[in-house]
Amino acid sequence: MIETLFPNGPWHYLAGGLLIGTAIGALYLLAGLVGGLSTFFSASLSWVSRLPALHQAKLLESRIWRLTYAAGLVLGGVLFAASLGHFGASTRVPPWLMLAGGLLIGFGARLSDGCTAGHGICGLASLRWPSLVAVVTFLSTAIVVAQLAAHFGVLP
């Protein structure tokens, strides 16, 4: 049964979860910062946009650490791929579908005032009720959409 859920084995998923949990915990304990990513885009846009909503103090004051945080995530992915010896795609999902999904996820993250990392890891660990509601909504929607996509043959 486990082989059908994790065809490449469960260990790298377990290691990834432990590393994410450790990094998020360290970020909070050492710096008092919540490690979600959706605010990164708003904070980054504040450098190039004149919209008042993007010039709130919390966005302006957090730009540098959010940029550093996002760069660290990208660098971590590159180092992981380099350790495997390849940078190939690991999905058969068409690029147009990934783009559409990314746009919908971005919209949902803004609508729920946070992303899956912010709510699912940081918010739940802080016992925040809105984060529980957001995570249940994220997961329920993902399950329904995945079932519909499989039923209608949208995914390979």
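Author: A pocket here is an open set of grid points with protein on both sides within 12 Å along at least five of seven lines, and its lining residues have an atom within 4 Å of a point. The model discussed below is predicted.

Reader: Which residues lie nearest the centre of the largest pocket?

Author: The largest pocket holds about 1000 Å³ of space. Its lining counts 32 residues. Those that lie nearest its centre are Gly101, Gly102, Leu104, Ile105 and Gly106.

Reader: Which element gives the most to the lining of the largest pocket?

Author: Two or more lining residues come from each of α3, α6, α7 (116–125) and α8 (129–151). With 13 residues, the element that gives the most is α6.

Reader: How many residues in the lining of the largest pocket are charged?

Author: By class, 21 residues of this lining are nonpolar and 10 are polar. The number of charged residues is one.

Reader: What share of the second largest pocket's lining comes from α2?

Author: The second largest pocket has about 690 Å³ of space and a lining of 20 residues, with Gly16, Gly17, Leu19, Ile20 and Leu73 nearest its centre. The elements that supply two or more lining residues are α2 (11–31), α5 and α7. Its classes are 13 nonpolar, seven polar and no charged. The largest share is that of α2, at 10 residues.

Reader: Is leucine 19 buried or exposed?

Author: Leucine 19 sits in helix α2, and Leu19 is among the residues nearest the centre of the second largest pocket. A residue counts as exposed when its relative accessible area is over 50%. The relative accessible area of leucine 19 is 61%, so this residue is exposed.

Reader: How far apart in space are leucine 19 and phenylalanine 41?

Author: In sequence, leucine 19 and phenylalanine 41 are 22 residues apart. From C-alpha to C-alpha, their separation in space is 23 Å.

Reader: Which elements do the buried residues of α3 pack against?

Author: Helix α3 covers residues 38–45, and its buried residues are Ser38, Phe40, Ser42 and Ala43. Buried here means under 20% relative accessible area. The elements that these residues pack against are α4 (57–61), α5 (63–84) and α6 (95–111).

Reader: Which elements give two or more residues to the largest nonpolar core?

Author: This core has five residues, namely Ile24, Leu27, Trp65, Tyr69 and Cys122. The elements that give two or more of its residues are α2 and α5.

Terms used:
Residues are numbered from 1 along each chain as its sequence is written. This is a predicted model: local features need pLDDT of at least 70, side-chain atom pairs count only at pLDDT 80 or more; totals for chains, interfaces and linings use all residues. Side-chain values use heavy atoms; hydrogens and water are left out. Buried means under 20% relative accessible area, exposed over 50%, partly exposed in between (1.4 Å probe, protein chains only). Helices (H or I, at least four residues) and strands (E, at least two) are DSSP runs, numbered from the N terminus. Contact means heavy atoms within 4.5 Å. On a 1 Å grid over the protein atoms alone, a cavity is a set of points where a 1.4 Å probe fits but cannot get out, and a pocket is an open set with protein on both sides within 12 Å along at least five of seven lines; lining residues have an atom within 4 Å of a point. Grid points are joined across faces, edges and corners, and a volume is the space filled by probe spheres set on the points. Ala, Val, Leu, Ile, Met, Phe, Trp, Tyr, Cys and Pro count as nonpolar, Asp, Glu, Lys and Arg as charged, and the others, Gly among them, as polar. A nonpolar core is a set of buried Ala, Val, Leu, Ile, Met, Phe, Trp, Tyr and Cys residues joined through side-chain atoms within 4.5 Å.
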